[in-house]
Amino acid sequence: MSAVEGAEAGAVAAETVGTAGTESKEWLWMCLLCGSCLMKCPQGVDFPQFILHAREEQGGAPEELLPHRELSQITEIMSILERGVPTDFEGETDESSEIGFFPGCLAYFDLFMDVSGVNYKEIGDYSLKLLNKIGIKPRILPLKCCGHDILFQGKREIFERLMAFNKRKIKESGIKMLILNCAECYFTFKKYYKLEDEGVKVVHLAEILAENVHFIRKAMKEAGEASVKSSGTKAVRVAYHDPCALKMLSVYEAPREVLRAVAGVFVELPHARENALCCGVSGMLLCNDATKALRSLRLSEVREVKADVLVTTCVKCLSHFNCLKREQERLQQKQGQAEGQAAEGEVRSSGGSSEYEFEICDLAVFLGRLLTDSD
């Protein structure tokens, strides 16, 4: 397989999958496409690419494997419409700027992802305000979904339509830099759109903040804060989760540099950087006991290092970790009531629990609450 590329990989995938029985095809959808195998393989075998080709040969993921199928359905509909995602976010913009900002599908997440305690619009608001803090008034681009999930689900034709629209809009805008706050958007625009070949630099929000970290430190000083505040509570220890999308592009130091500039204490998780664990749900595929076990292991690591806040740069990781955390809280509350050991309201609705007594939030929200709420 190390020599298989492009059309060849598709042919090999078709032959392999075509001769497999129904049960043996399940491995096609169980793969997380996290890239860990490729990063560790001494022969450089691109197994994720083989999986993508094999999924395309199957015509895409069956609907029963999509825990949030409405998001995929919206993306498919979006691919044939001549309009992008809603971009109504708070902050200063400049329609003549050569720096573009795309917030991803946050508006749709707020509509269809029922994750208690997570405000997705807040991510876009704070991302824009943080850019303003470092002196950037970007142009918000009304692009369509980047197509990450659709691609990972094996629906290449739909992905190609989304990419064609987005590349056309980016070219028409005349921007020289595209800033993204979503790790999966960053990965997709960087790896598949190849915008830098057309003179457009693709940057993750964490990278541009790290390059301007002196502005962050200055804002901290002006705010008169000696330690991090999160949701009104002092956070002494902060940990960072490397999402697969940034891990596959070796973006490790930028978010850490920014967090170290503001955190009281920054702590590493046992599995970090190239060894970081996946949140368990890639491409919005599969939410089962196996993927929950991965999330549980990851959150146990956060508890192990005694972090007050877990910060990530991926909206999917944010969603899935918080979802498991809330599920665990509800389960504990139910068990406590059944055993007569917990009074009503003992488990806080704000997110605290005896299992995972830490907050999980996006990098932009974490920094934004600290640097803008004190204004």
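**Figure 1. A salt bridge joins Asp149 to Lys316 in the predicted model.** The closest N and O atoms of Asp149 and Lys316 are 2.7 Å apart, a salt bridge being defined as a side-chain nitrogen of Lys or Arg within 4 Å of a carboxyl oxygen of Asp or Glu. The pair links distant parts of the chain, with Asp149 in helix 8 (residues 148-152) and Lys316 in helix 16 (residues 315-339), 167 residues apart; helices (H or I, at least four residues) and strands (E, at least two) are DSSP runs, numbered from the N terminus. Asp149 counts as buried because its relative accessibility is 14%, and Lys316 counts as buried because its relative accessibility is 5%, where buried means under 20% relative accessible area, exposed over 50% and partly exposed in between (1.4 Å probe, protein chains only). Because this is a predicted model, local features need pLDDT of at least 70 and side-chain atom pairs count only at pLDDT 80 or more, while totals for chains, interfaces and linings use all residues. Residues are numbered from 1 along each chain as its sequence is written, and side-chain values use heavy atoms, with hydrogens and water left out.

**Figure 2. Lys316 also meets the side chain of Glu184 in a salt bridge.** The N to O distance for Glu184 and Lys316 is 2.5 Å. This pair, too, links distant parts of the chain, since Glu184 lies in helix 10 (residues 183-193) and Lys316 in helix 16, 132 residues apart. Both Glu184 and Lys316 are buried.

**Figure 3. Ser173 in helix 9 reaches back to the backbone of Ile170.** The side chain of Ser173 reaches the backbone oxygen of Ile170 at 2.6 Å; a polar contact is a pair of N or O atoms within 3.5 Å, where, within protein, one must be able to donate a hydrogen and the other to accept it, and residues adjacent in sequence count only if both atoms are side-chain atoms. Ser173 is buried, with a relative accessible area of 14%. Not counting residues up to four places away in sequence, Ser173 touches Arg139 and Leu141, contact meaning heavy atoms within 4.5 Å.

**Figure 4. Ile208 is a member of the largest nonpolar core.** This core has 113 residues, of which Leu178, Phe189 and Ile208 touch the most other members; a nonpolar core is a set of buried Ala, Val, Leu, Ile, Met, Phe, Trp, Tyr and Cys residues joined through side-chain atoms within 4.5 Å. Leaving aside neighbours within four places in sequence, Ile208 is in contact with Leu131, Ile134, Ile136, Met177, Ile179 and Val203. In the protein chain as a whole, buried residues make up 53% of the 375 residues, and residues 24 or more positions apart account for 78% of the contacts with a separation of 6 or more.

**Figure 5. Leu33 and Lys306 have positive phi values although neither is a glycine.** Phi of Leu33 is near 55 degrees, and this residue has its place in the loop between helix 2 (27-30) and helix 3 (36-40). Lys306 has a phi of about 60 degrees and is found in the loop between helix 15 (289-304) and strand 9 (309-312). Leu33 counts as buried at 5% relative accessibility, whereas Lys306 counts as exposed at 61%.

**Figure 6. Cys31 and Cys287 are shown with their nearest cysteine sulfurs.** The structure holds zero disulfides, a disulfide being a pair of cysteine sulfur atoms within 2.5 Å. Cys31 is in no disulfide, and the nearest cysteine sulfur, that of Cys37, is 6.2 Å away. The sulfur of Cys287 is 6.1 Å from the closest cysteine sulfur, in Cys323, and is therefore too far for a bond. Cys287 is partly exposed, with a relative accessible area of 42%.
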